[in-house]
Amino acid sequence: MLKLYNFLSRKIEDFKSFENSQGKPTDNVVGLYTCGPTVYDYVHIGNWRTFVFGDILRRVLEFNGFKVKYVMNITDIDDKIIAAARSRGLGFREIAAKYEKGFFQDLQKLNIKRADHYPRATENIDSMIKLILRLLDKGFAYKADDGVYFSVGKFKNYGKLSGLSKAGLKKGARINADLYDKENWSDFALWKFPSTSLRTSPQPSSNPGLEPSWEAPFGKGRPGWHIECSAMSMKYLSGEPFGSELRAELHGRTIDLHTGGVDLLFPHHENEIAQSEAATGKKFVNFWLEGEHLLVEGEKMAKSLGNIFTLSDISKKGFEPLALRYLFLTAHYRSKLNFTWKSLEAVQNALFNLRSEVASWDEPKIGCAGYENDFKEAINNDLDIPKALAIMWETVKSDYPTSARHQSVLVMDRVLGLGLEKLERAELPKGAKELIEKREELRKGGNFKESDKLRKELQKMGVYVEDTPQGPKWKVKKGEVLDKLEQ
Ligand code: AMP
Ligand code: ZN
């Protein structure tokens with residue numbers, strides 16, 4: 001049984017799909033939503049930790065036989081994108097398109113499985129408008145002179161995810177910016193009218209930094225950040241209140257899982273719950289999972305500290321993106337992870353080692369059930385990936401035939417995603433097999449001087465022999481993999 005820590009109850013719970021939890025027949029379809037990137041700059045390694053966490057969750061659900069419908073939004077309009085466009089003299093769409101492209105390229109390098117949908121905010125404005133109209137209609141939203149706001153005091157369950165109390169609510173306080181007060185409640189913008197400076201002295205339309213806006217019955221403007229996740233997650237995963245584009249079996253259902261980085265817990269996720277549940281009268285999401293942050297050399301990532309690294313910074317230093325993925329696997333998602341260049345070097349070597357082992361193994365056949373069971377137990381224990389990784393290494397180092405280890409390690413890599421299925425098997429060069437056998441004979445006869453000569457001869461051919469209680473094991477020097485190991 002898969003167990004997950006649900007931030008809503010602050011407890012470990014058995015995971016059940018929505019239908020299962022209702023006692024209804026199920027085909028094991030589950031909906032998973034992750035808050036995606038704001039494409040105003042290259043995605044940094046902290047963001048990648050959260051997105052790899054989403055990918056691991058998806059893979060664990062699939063490992064357990066669930067059919068996952070995965071949705072991740074692309075925030076392609078917000079304050080930061082407009083500011084980036086203005087400062088660089090570009091249009092907001094150019095900025096968004098550039099960094100969205102970078103996001104998808106890096107996603108592939110990290111072996112993150114693609115989601116079913118990556119809806120862009122600007123392509124779903126209609127859904128957001130419908131949702132805001134419903135909130136206005138039900139009295140949860142009101143119009144002010146700079147935008148339409150959600151009235152948090154009207155939603156009685158406000159604070160149920162973050163646990164922040166109503167005492168913090170400053171009467172009449174409103175927040176319009178996309179950067180929010182992390183401690184206090186305030187009414188938040190669902191829709192923003194063009195800023196006053198632009199309304200009073202509009203920039204020429206040729207100015208690419210002009211704040212974009214869309215027509216709406218409550219006034220021309222642009223959406224706030226929170227509303228996009230409510231509208232798009234419900235559009236693609238629950239059918240409420242839109243319905244039209246949904247698969248029948250998901251219609252009207254509560255979304256199974258929602259993830260993001262822990263900084264989104266309040267107010268972003270809290271606000272998503274408020275908007276969605278106020279509009280539909282139904283529970284929005286069953287399981288909330290929030291991933292802890294990545295630190296860099298013990299510090300919070302910040303522009304002022306110059307410690308915001310991207311995947312291309314990793315590559316420039318000669319590391320593989322997959323080494324970063326491996327590093328993420330070494331910490332539990334609810335613990336902080338400290339990134340250091342030294343730790344990246346260590347896991348890069350571990351990855352080389354792993355590959356050179358697997359590449360020398362026989363074709364996969366029947367696996368080692370015991371290790372596979374232990375692995376499943378670890379991943380199902382609230383995604384204990386560090387333990388699962390250790391079990392994978394135990395399997396690698398075990399005495400089972402290489403064909404069995406190969407089979408089990410590939411099964412485990414369906415969750416870990418280190419790309420082992422793409423490894424080619426290393427073939428022995430011509431004549432090497434005979435030399436290995438001859439060397440073993442010499443060794444058994446106590447002729448170590450001659451057997452050592454053959455070891456060196458084999459090394460010249462790129463074959464490395466290691467003597468084990470089970471007999472000689474060999475590895476073939478495969479290009480970069482072993483070259484780097486030797487440095
Ligand atoms: P953003 O593009 O800023 O909306 O962030 C995208 C995702 O990355 C969100 O889920 C954030 O919570 C997450 N995130 C931001 N900084 C970090 C960090 N240092 N470590 C882990 N996740 C992060
Ligand atoms: Zn979101």
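## First stop: H5 against H7

Start by selecting helix H5 (residues 125-137) together with H7: they pack at an angle of about 105 degrees, with their axes 9 Å apart. Helices here are DSSP runs of H or I with at least four residues, strands are E runs of at least two, and both are numbered from the N terminus. The axes are lines fitted to C-alpha atoms, for helices over the stretch in contact, and angles run from 0 to 180 degrees between N-to-C directions. H5 and H7 are therefore roughly perpendicular to each other (65 to 115 degrees; under 35 is roughly parallel, over 145 roughly antiparallel, and the rest oblique).

Now show side chains. On the H5 side you want Ser 127, Met 128, Leu 131, Ile 132 and Leu 135, which meet Ile 227, Glu 228, Ser 230, Ala 231, Met 232, Met 234 and Lys 235 in H7. Contact means heavy atoms within 4.5 Å. For the colouring, Ala, Val, Leu, Ile, Met, Phe, Trp, Tyr, Cys and Pro are nonpolar, Asp, Glu, Lys and Arg are charged, and the others, Gly among them, are polar.

Before moving on, some housekeeping. This is a predicted model, where local features need pLDDT of at least 70 and side-chain atom pairs count only at pLDDT 80 or more, while totals for chains, interfaces and linings use all residues. Residues are numbered from 1 along each chain as its sequence is written, chains are lettered from A and ligands numbered from 1 in the order in which they are written, and side-chain values use heavy atoms, with hydrogens and water left out.

## Zinc

Which protein atoms hold the zinc ion as donors? They are Cys 35 (SG), Cys 229 (SG) and His 268 (NE2), lying 2.0 to 2.2 Å from the zinc. Donors are N, O and S atoms within 2.8 Å of the metal (3.2 Å for Na, K and Ca), and since water is not among the atoms, sites may look incomplete. Along the sequence, the spacing of the donor residues reads C-x193-C-x38-H. Cys 35 sits in the loop between strand E3 (29-34) and helix H2 (45-63) and Cys 229 in helix H7 (residues 225-237), so the pair ties together parts that are 194 residues apart in sequence.

Are these two cysteines buried or exposed? Cys 35 is buried at a relative accessible area of 5%, and Cys 229 is buried at 0%. Buried means under 20% relative accessible area, exposed over 50%, and partly exposed in between (1.4 Å probe, protein chains only).

Next, select Phe 266 and Pro 267: a cis peptide bond joins them, with omega about 0 degrees. Pro 267 lies in helix H8 (residues 265-280).

Two phi angles also deserve a click. Most residues other than glycine have a negative phi, and most peptide bonds are trans. Asn 28, not a glycine, has a positive phi of about 65 degrees; look for Asn 28 in the loop between helix H1 (18-21) and E3, partly exposed at 26%. Glu 297, also not a glycine, has a positive phi of about 45 degrees. Glu 297 is in the loop between strand E12 (294-296) and helix H9 (311-316) and is partly exposed at 46%.

## H10 and H11

Jump to helix H10 (residues 321-329) and helix H11 (residues 341-359), whose axes come within 9 Å and cross at roughly 105 degrees. H10 and H11 are therefore roughly perpendicular to each other. The contact residues include Leu 322 and Tyr 326 of H10, and Val 347 and Arg 355 of H11. By class, that contact divides into nine nonpolar, two polar and one charged.

## Two single residues

Select Glu 100 in helix H4 (residues 92-109). Glu 100 counts as buried at 11% relative accessibility and, leaving aside neighbours within four places in sequence, is in contact with Val 39, Ile 74 and Arg 120.

Then try Ala 378 in helix H12 (residues 369-380), buried at 5%. Not counting residues up to four places away, Ala 378 touches Leu 383, Asp 384, Lys 387, Ala 388 and Ile 391.

## Zoom out

Finally, show everything: the protein comes to 17 helices and 15 strands, and buried residues make up 55% of its 487 residues.
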